[in-house]
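Subject: Structure handover

Hi,

Here is the structure I promised to pass on to you.

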Amino acid sequence: MAELGRQDGDKTASGGERSAHSLSYGLHAGTTRVTVERSVHAPREARRFVQVEICPEHAWRALSAVRLAASEFATQAALLGDGPLEVGLRCDLTSVTTWVVFPTSVPVFGAPLAPADDMAVRVIEAISRDWGAQSLRDAQRMWCTIPTGFRPLPETSDSRS
Ligand SMILES: [Zn+2]
């Protein structure tokens with residue numbers, strides 16, 4: 001849990017390396033993705049990816065939920081897919097989206113893919129703001145969006161003096 005300490009690191013921001021851009025989003029990590037081999041280890045790899053790559057400025061508050069969702073999706077992808085899976089993460093400040101894309105040799109037209117078992121669906125529904133599954137050309141994508149609890153400060157023209 002040492003990462004949490006980084007959130008309060010204002011005093012250390014004196015280095016000359018910081019650009020104007022990084023003043024607003026110093027630690028913000030936008031979109032990251034990783035490719036994971038299809039195996040029984042895929043869920044663990046997905047959890048590790050989330051743990052390491054989750055945005056340390058906003059999305060870290062939702063870490064447990066995001067890790068759970070990515071793990072659940074990777075489990076389904078390892079069961080249903082037939083090739084390496086892509087695990088992705090995108091921080092939108094107030095929400096974080098995680099997804100898994102995996103190749104399928106049998107295209108599923110029309111019906112959206114659902115996570116294979118009811119408990120997985122319940123878990124995803126319980127922790128996410130929105131979720132879904134899409135059929136791509138030769139692949140399937142499962143995704144969900146989870147609130148981070150981050151609220152941007154309102155714009156003010158003068159700070160307290
Ligand atoms: Zn962020």
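Let's start with a helix pair. Helix α2, residues 42–53, packs against helix α3, residues 63–80, with the two axes 8 Å apart and an angle of about 150 degrees between them. That angle is why α2 counts as roughly antiparallel to α3. As for handedness, α2 and α3 make a right-handed crossing. On the α2 side, the residues involved are Ala42, Pro43, Ala46, Arg47, Val50 and Gln51, and they meet Val66, Arg67, Ala70, Ser71, Ala74, Thr75, Ala77 and Ala78 of α3. Sorted by class, this contact of α2 with α3 has 9 nonpolar, 3 polar and 2 charged residues.

Before you go further, please keep in mind that this is a predicted model. The average pLDDT of the protein chain is 81, and 73% of the residues reach at least 70. Among the elements, α2 has the highest mean pLDDT, at 98, while helix α1 (residues 20–24) has the lowest, at 45. The pLDDT is below 50 over residues 1–23, a stretch with 7 contacts in the model beyond near neighbours in sequence. Where pLDDT is low, the predicted coordinates should not be read in detail, so please don't do that.

Now the other pairing. Helix α3 also packs with helix α4, residues 118–127: their axes come within 10 Å and cross at roughly 150 degrees. α3 and α4 are therefore roughly antiparallel as well. Which hand does the crossing of α3 and α4 have? It is left-handed, whereas the crossing of α2 and α3 is right-handed. From α3, the residues Ala65, Leu68, Ala69, Glu72 and Gln76 meet Ala120, Val123, Ile124 and Ile127 in α4. The contact of α3 with α4 divides into 7 nonpolar, 1 polar and 1 charged residues.

On the overall layout: the protein chain has 4 helices and 5 strands, and along the sequence they follow the pattern α-β-α-α-β-β-α-β-β. The chain has 161 residues, of which 31% count as buried. If you take contacts between residues at least 6 apart in sequence, 67% of them join residues at least 24 apart.

Two residues are worth a click in your viewer. Is Trp99 buried or exposed? Trp99 has 22 C-beta neighbours inside 10 Å, so it counts as buried, the cut-off being 20 or more. Leaving aside residues up to four places away in sequence, Trp99 touches Gly88, Arg141, Met142 and Trp143.

Leu93 is not a glycine, yet it has a positive phi of about 70 degrees. With 15 other C-beta atoms within 10 Å, Leu93 is partly exposed.

That's the lot from me.

Cheers

How values were computed. Residues numbered from 1 in each chain as written. Predicted model: local features only at pLDDT ≥ 70, side-chain atom pairs only at ≥ 80, totals over all residues. Axes fitted to C-alpha atoms, helices over the stretch in contact; angles between N-to-C directions. Helix = DSSP H or I, 4+ residues; strand = E, 2+ residues; numbered from the N terminus. Parallel < 35°, antiparallel > 145°, perpendicular 65-115°, else oblique. Left-handed = near helix turned anticlockwise from the far one by under 90°. Contact = placed C-beta atoms within 7 Å. Nonpolar A, V, L, I, M, F, W, Y, C, P; charged D, E, K, R; others polar. pLDDT = per-residue confidence, 0-100. Buried ≥ 20, exposed ≤ 12 C-beta atoms within 10 Å, placed from the backbone.
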